Number of protein chains: 2
Amino acid sequence: MKTALFLPLILLFSVSALAQQRPPAISSPDVHTDNRVTFRYFSRQAQKVTLNGEFLSSPLPLTKDTSGIWSITVGPITPDIYPYSFQVDGVDVADPNNTYIFANERFKRSIVDIPGNTPLVHSLQNVPHGKIHYQYYKSATLGTTRTLLVYTPPGFNPNGKTNYPVLYLIHGGSDTEETWTKVGRANFIADNLIAEKKAVPMIIVMPYGNVRPSPMPDFTKDMTQDIIPFIEANYPVFKDSNHRAVAGFSVGGGQTLNIGFTNTDKFGYICSYAPYTATEEFTKNFTDWKPNADLINKQVKLFTISVGTEDFLYESVKQNIAMFKEKKIKVEPLIVPGGHTWMNCKLFLAKSLQQVFK
Amino acid sequence: MKTALFLPLILLFSVSALAQQRPPAISSPDVHTDNRVTFRYFSRQAQKVTLNGEFLSSPLPLTKDTSGIWSITVGPITPDIYPYSFQVDGVDVADPNNTYIFANERFKRSIVDIPGNTPLVHSLQNVPHGKIHYQYYKSATLGTTRTLLVYTPPGFNPNGKTNYPVLYLIHGGSDTEETWTKVGRANFIADNLIAEKKAVPMIIVMPYGNVRPSPMPDFTKDMTQDIIPFIEANYPVFKDSNHRAVAGFSVGGGQTLNIGFTNTDKFGYICSYAPYTATEEFTKNFTDWKPNADLINKQVKLFTISVGTEDFLYESVKQNIAMFKEKKIKVEPLIVPGGHTWMNCKLFLAKSLQQVFK
C-alpha cells in the first residue's frame with residue numbers, strides 16, 4: 001500500500017531535519033522536591049559557564065559532561081521566584097531552555113519558581129482565577145498607542161451592577177508592562193488573597209511606565225489624562241479617590257509618589273515600594289513642598305513606603321520617609337529584610353492588597 | 001532648608017548606585033525610515049560579535065567602537081517581523097536591549113518589526129482593537145492547570161446576545177501559548193481583517209500545545225475534552241462544527257491534522273500550516289486510513305495545507321497533500337515562497353481568517 005510505504009520516509013526525513021535546526025532538548029531548571037535546583041546549559045565549545053542568581057551571594061561554576069551538557073545543582077533554596085542567568089565565556093545569557101523570562105528592556109534573565117511544600121501567596125492555587133486583559137489605549141499625551149494589562153478578579157462581569165475599585169500598579173525602570181504579572185505574579189497574589197477574603201475584589205491596571213527621555217512628568221499626565229479615563233470608560237469602576245490606589249516599584253515607586261502627591265484628590269491610597277527618587281520631577285515637587293498636611297492626611301487614607309534593609313536605595317528611602325514625616329504627612333513604613341528585588345515586590349504588593357479599599 | 005539640602009545627595013547616591021547595577025542604555029534595534037536597521041550590542045571584552053537574522057542568508061559581523069558598543073547597519077530589509085540573535089564569542093544571545101522576545105522553550109531570540117510605509121496585515125493600525133485574555137483552565141486529561149490565551153474581537157460582549165465562532169490556533173513545537181500573539185500578531189491580523197470586513201468577528205483560542213513526552217494523542221484529548229468545553233462554558237460561542245475551526249503551525253500543524261480528521265464532526269474548518277507529521281499518532285491515524293471521503297467532504301467546509309517552497313518540510317508536506325488527495329479528501333494547498341518561518345505563518349493565518357466561517 002502506497003501510503004504505508006511512504007510514511008516512514010517522511011518520518012526519517014523530518015526528524016533529522018528538525019534535529020539539525022535545534023540544539024538538543026535539555027531540561028533546565030529542574031526544581032527538586034527538596035528545593036534544590038539543577039540548572040543545565042548545552043555547549044560543546046564553551047570554556048567556562050557560571051550561574052548567577054538572586055538566591056546566590058556570588059556566581060557558581062557549572063561542570064561539563066562528555067556530551068557538552070553543563071550542569072550544577074544548588075540549594076536547598078528558600079521557596080520563591082528568583083531571577084537568574086548564565087555567564088558563558090563572559091557573555092550573560094538567559095537560560096535557553098526556560099520559557100520564563102524576566103520582562104525587561106535592558107537585560108535578559110530567566111526566572112525559576114521554587115514552590116516549596118506550603119503554597120505561597122504568589123503560587124498558582126486551587127482557587128478561582130481572574131483574567132489578565134492585554135489592552136491597547138491611545139495616549140494623547142505621548143501621541144501613540146500603548147499596551148496596558150488589566151487584571152479583572154474572578155467572577156468579573158463587565159456589564160453587571162458591581163463597580164470595582166482600581167489599583168494602578170507601576171513597574172520598575174527598564175521593566176515592562178508585563179513585569180508585574182510575569183515576575184511579580186500580581187494576578188495570582190490577587191486571586192489568592194481575594195479567595196481568602198483578605199483582599200476585596202478589585203481591578204489592577206498595569207501600564208507601561210517608561211517614557212523617554214524624561215520618565216516622570218509625561219507619565220503623570222499619561223496616567224491622569226489618558227490611562228485613568230480609558231479605564232473608567234471601558235470598565236465598571238468607581239471613579240472617586242476612595243476607590244483608586246496607585247502603587248509602584250523603584251522608578252515606578254518614584255512615579256507613585258509624584259503621581260499620588262500631585263493628585264491627592266484622586267488617589268486615596270499611595271503605596272511606594274523602594275522608590276527611586278533621584279529625578280528632576282521629585283526634586284521639583286518636593287524640595288520646597290509646603291503641603292497642607294491636614295488636608296492630605298484626610299484625602300489619603302493609606303500612604304506606605306516599603307523597602308528592604310539590603311536595598312541599595314535603603315538610605316535614600318529612609319530619607320524619603322523622614323521628609324514626609326517632617327512635613328507631617330502620615331506615612332506607614334514597611335521595612336523588611338532583603339534587597340531591591342522582585343521577591344520583596346511580591347511581599348509589598350501582598351501587603352498593600354490587604355490594606356487598600358477598606 | 002533641610003529638605004533642599006539633602007535631596008541633591010540622594011540624587012548623586014542613587015544615580016551612581018543604579019548605574020553600577022546595569023550595562024549602559026543603548027538603542028537596539030533602531031529601525032530607520034528607509035527600512036535599514038542598526039543592531040547594537042555592548043561588550044568591552046568580546047572578541048567577535050555576529051548578527052543572525054531570518055532576513056539574512058548568512059551571519060554578518062558587528063564592529064566595535066572605542067566605548068565597547070558593537071554595531072552593524074543592514075538592509076534595506078523587506079518590511080516584516082523577523083527573529084534575530086547575536087552570537088558573542090560563539091554564544092547565542094537575544095538582544096539585551098530589545099524587549100520583544102520570541103516566545104519559545106528551546107532558544108532565546110529577539111524580534112524586530114520593520115513596519116515599512118504601507119501598513120501590513122499584522123501592523124498596529126488605527127482600527128478598533130480586540131483584547132487578549134490570559135486564562136487558566138483545568139485539564140483533567142493532563143492533571144494540571146494550564147494557561148491559554150483568548151482573543152476576543154472589538155466590541156465583544158460576554159453577556160450579549162451575539163454568539164461567536166471559534167478558531168483554535170496552535171503554535172509550533174517548542175513555541176508557547178504566547179507565540180501566536182507575540183511573534184504571529186494574531187490579534188492585530190484579526191483586528192485589521194475584521195475592520196476591513198474581510199474576516200467575521202471571531203474568538204481565537206491559543207492553547208499551550210506541548211505535551212510531553214508524547215505531544216499528540218494527549219493534546220487531542222486535552223483539546224476536545226478540556227479546552228473546548230472550558231471555552232464553551234465561559235464564552236458566548238456557537239457550539240456546532242460550522243462555527244469551529246482548528247489551525248496550527250509545524251508540530252501544531254500536525255496536531256491540527258490529527259485533531260481535525262479524528263473529529264470531522266466537530267471541526268468544519270481545518271487549516272494546517274507547514275505540518276510536521278513524523279509522529280506516531282500521524283502514522284497511526286493515517287497509514288491504513290480508509291476515510292469516508294464523501295462524508296468528510298460534507299463535514300469539512302474548508303481544508304487547507306499551506307507551506308513555503310523553501311520550507312525544510314516542503315517535500316514532506318507535498319506528500320501529505322498527495323496522500324489526502326489520493327484518499328479523495330478535498331484539500332486546498334497554499335504554496336508560497338519562503339521557509340519554515342513566522343513570516344509565512346502570519347500570511348497563512350491572514351488567508352485562513354478570510355476563509356473561515358463564511
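Me: Is K298(A) buried or exposed in this predicted model, and what is its relative accessible area?
Reply: Happy to look at that one! K298(A) sits in helix α7 of chain A, which covers residues 293–299. Exposed means over 50% relative accessible area. K298(A) is therefore exposed, with a value of 68%.

Me: What separation do the C-alpha atoms of K298(A) and K330(A) have?
Reply: Along the chain, K298(A) and K330(A) are 32 residues apart.

Me: Is S174(A) buried or exposed, and which residue's side chain does its own side chain join in a polar contact?
Reply: S174(A) belongs to the loop between β12 (166–170) and α2 (179–182) of chain A. Its relative accessible area is 4%, so S174(A) is buried. A polar contact of 2.9 Å links its side chain to that of N104(A).

Me: Which residues have the most contacts inside the largest nonpolar core?
Reply: Good one to explore on screen! That core has 168 residues. Not counting residues up to four places away in sequence, F324(A) touches several residues, including F261(A), W289(A), I305(A) and V331(A). Those with the most contacts inside the core are F324(A) and F324(B).

Me: Are α3(B) and α9(B) parallel or oblique to each other?
Reply: The axes of α3(B) (residues 186–195) and α9(B) (residues 342–355) come within 10 Å and cross at roughly 40°. Among the residues making the contact are I189(B) and L193(B) of α3(B), with L349(B) and L353(B) of α9(B). Angles under 35 degrees count as roughly parallel. The two helices, α3(B) and α9(B), are therefore oblique.

Terms used:
Residues numbered from 1 in each chain as written. Chains lettered and ligands numbered in written order. Predicted model: local features only at pLDDT ≥ 70, side-chain atom pairs only at ≥ 80, totals over all residues. Heavy atoms only, no water. Helix = DSSP H or I, 4+ residues; strand = E, 2+ residues; numbered from the N terminus. Buried < 20%, exposed > 50% of the residue type's maximum accessible area, 1.4 Å probe, protein only. Polar contact = N/O pair within 3.5 Å; in protein donor to acceptor, adjacent residues only side chain to side chain. Core = buried A, V, L, I, M, F, W, Y, C linked by side-chain atoms within 4.5 Å. Contact = heavy atoms within 4.5 Å. Axes fitted to C-alpha atoms, helices over the stretch in contact; angles between N-to-C directions. Parallel < 35°, antiparallel > 145°, perpendicular 65-115°, else oblique.
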